[in-house]
Amino acid sequence: MEISLVGLSHHTAPIEVRERVHFPEGEIARAVEMLRARPGVAEAALLSTCNRTEALLRLEPDTPALPLVADFLADARRMRRSEFESYLYHHSQRDAVRHIFRVASSLDAMVIGEPQVLGQVKAAYATARAVGSLGGVLDEVLTHAFAVAKKVRTETAIGASAVSVSYAAVELARKIFGSLEGRTVFLIGAGKMSELAAKHLRRSGAQAILVTNRTYGRAIELAEELGGQPIKFDDLVKYAGQADIVISSTGAPHHILRKQHGEQFLAERRNRPMFFIDIAVPRDIDPAMNELDNMFVYDIDDLKGVVDANRRERQREAQRAEEIVDREVDRFLARLKRLELTPTILALQEKLHGLREQELARARLKDLTPEQRAAVEEMSRSLVNKILHMSLTQLKRLPQEPDGLKLIEFIRQTFQLKD
Amino acid sequence: MSLLWLWVALLLYSLGLVHAVVTVALRRERWFRLALGAFALGFLFHFVSLVEHGLDTGRFPVTNISDATSLFAFLITLGFLLGYWAYGVSSLSVFVFPFVFVMTLAAALSQRPLAVGPPILESAWVPLHVSFSLTGYAGMLLAFLAGVMYLFQERELKRRKPRAFYYRLPPLETIDHLGSVALGVGFPFITVGLLLGTANAARHWGPDWMSDPKVMLSFLLWFIYLLLILARVSAGWRGRKAAIFSIVGMAMALASWAGNYLSSHHTFLGR
């Protein structure tokens with residue numbers, strides 16, 4: 001079985017090349033049909049995202065994969081081969097399977113663990129299956145890749161922690177408060193990042209949003225946009241104690257909330273914790289506030305530090321994911337080997353003829369004349385051959401069917417063929 | 001038979017122990033559901049063992065040290081399972097699984113035929129006193145564990161540089177709530193346990209019952225427990241202070257337990 005993967009990705013090719021090789025979503029179906037129609041191609045699937053364009057192929061024996069795909073891309077994208085050929089990589093057999101498993105599990109992604117890529121691989125599978133370019137082998141490879149991706153996601157924390165500043169803020173809030181259901185958020189000053197964080201918080205269950213700004217009009221505007229309540233800037237200290245989470249990003253040259261404010265809030269709130277997200281530079285919130293019990297103050301550098309730590313955590317988890325992928329590649333290849341056609345046919349022949357001889361031995365043929373015995377043997381042999389002939393014609397077509405390998409497996413089980 | 005069931009429970013608990021060791025050694029949680037299942041099953045066998053032991057001896061099985069240890073391990077498990085069911089806090093298991101295993105092992109190894117005890121232990125009040133007190137202790141232990149977890153997680157959040165604990169431990173408020181519930185449930189039990197014990201002691205030991213070290217330590221423990229609850233309810237103590245106080249409370253509970261060895265009166269059978 002000649003499984004090959006040829007393509008280019010953000011690891012090898014610059015954006016200028018990737019964007020030209022990229023297939024728009026609407027063109028994939030036709031492209032994969034074209035690819036399948038090339039001589040030597042038995043099965044094909046095509047994955048094209050902003051980070052990678054890859055062809056997964058099963059080829060007839062002795063078909064060189066790299067030039068085949070290069071020619072196809074040049075034709076389909078109307079480019080010269082020299083424009084992109086040096087960026088192409090080629091994996092075959094085991095490496096090709098491993099590569100597609102890693103891609104589906106988001107181990108090869110630009111941001112490791114980002115979940116979109118699995119959806120993109122699934123879409124590529126659906127398209128290829130719809131246009132009939134998949135046979136039994138690649139169908140197995142891809143469906144197994146989905147299973148591996150799912151396993152990686154449930155058994156490792158590869159996608160668990162936030163890798164953007166605004167999500168990191170939400171995650172920290174969860175680490176402090178547990179559920180964000182019913183919490184109050186106070187937005188001091190406007191700004192893209194703080195609005196984004198407020199929206200994430202609201203989506204995670206935060207209930208009330210208070211908004212204030214030096215220009216009251218802007219506060220009203222923003223409050224409307226976020227479905228919150230505008231507060232006059234002078235009343236800031238009066239209301240801040242009601243908030244569980246304070247996001248601050250004013251242009252003030254000095255601290256607007258000091259440690260003694262914090263003490264006052266804690267008294268008002270009977271020590272219920274508060275989380276301050278200070279995105280402003282210079283900082284709005286006195287870092288000394290963090291020294292108070294139940295007060296947690298994070299400035300922009302702290303948030304970035306959390307994001308970095310999360311990235312490192314993802315890297316650690318990625319190593320475990322690689323182990324899972326390696327194990328699954330072994331298991332998958334063992335399964336493919338077991339489901340190869342020729343050994344299955346041989347085993348089936350052996351099995352049926354074996355049964356015939358067994359039954360002949362059991363039947364009482366001693367009393368028959370030699371002619372009669374020969375006639376019975378001949379009859380049983382031709383019966384077995386008829387049955388074999390019918391199923392073999394069918395069996396030989398199976399690897400071309402998307403579900404062919406499953407049917408081979410079914411036959412192996414039905415006739416109890418040994419592995 | 002009851003001892004056999006106890007060993008079965010112990011075997012199942014040992015899976016929990018392995019899980020805790022693996023989790024700490026590899027710094028990541030694996031096979032938690034499996035370990036939890038084994039642990040819950042162990043809990044059932046433990047229950048069967050306790051009931052059967054009670055039926056065999058014809059009394060509530062708390063009169064010797066091995067029985068009390070076994071019951072205590074059982075109550076801790078109960079508390080942990082309830083806590084997990086209500087809050088989904090799996091990280092407590094790292095502490096609870098080994099602790100329960102060791103306690104149950106101690107109980108299984110030290111179990112021996114029942115001796116006939118002094119008349120004070122024949123009183124119907126004694127089993128009640130012991131079980132109420134042990135339930136209170138179990139609450140205190142869980143509050144202590146919550147307190148320790150709180151301090152670790154709070155340190156991570158205050159230092160603003162997340163490391164392993166940040167990723168593995170539950171949210172602060174969840175831990176705080178767990179601790180306060182454990183205290184709130186434990187307190188009435190410890191109060192009733194103490195009252196029963198006091199009444200019994202006053203009746204049997206005569207006028208000098210007050211001067212027994214065990215009695216004094218127990219009252220001190222109860223007083224600290226009361227302060228802790230009052231501080232939470234009225235002064236709004238929570239978080240870090242409450243966590244530290246829970247840890248102090250546990251130290252007092254240990255001291256009060258150690259009081260068993262100082263007291264000439266307050267003993268278990270067969271020691």
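In chain A of this predicted model, strand S6 (residues 208–213) pairs with S7(A) in the parallel sense over four bridges, where strands are DSSP runs of E of at least two residues and helices are runs of H or I of at least four residues, numbered from the N terminus, and two strands pair if DSSP finds at least two bridges between them. Within this pairing, A:Pro230 of S7(A) is the bridge partner of A:Val211. Both strands belong to an open sheet of six strands with parallel pairing, in the order S7-S6-S5-S8-S9-S10 (chain A); strand S7 (229–232) and strand S10 (295–299) of chain A form its edges, each pairing on one side only.

Chain A contains 16 helices and ten strands. Its radius of gyration, taken over C-alpha atoms, is 32 Å, well over the 22 Å that the globule rule (2.2 Å times the number of residues to the power 0.38) gives for 419 residues, so chain A is more spread out than a compact globule. Along the principal axes, the C-alpha atoms of chain A fill a box of roughly 115 × 55 × 35 Å.

Between the chains, 17 residues of chain B are in contact with 19 residues of chain A, contact being assigned if the C-beta atoms of two residues, placed from the backbone, lie within 7 Å. Helices H6 (125–159), H7 (164–168), H8 (172–205) and H10 (239–262) of chain B each give two or more residues to the side that touches chain A.

Residues are numbered from 1 along each chain as its sequence is written, and chains are lettered from A in the order in which they are written. Local features need pLDDT of at least 70 and side-chain atom pairs count only at pLDDT 80 or more, whereas totals for chains, interfaces and linings use all residues.
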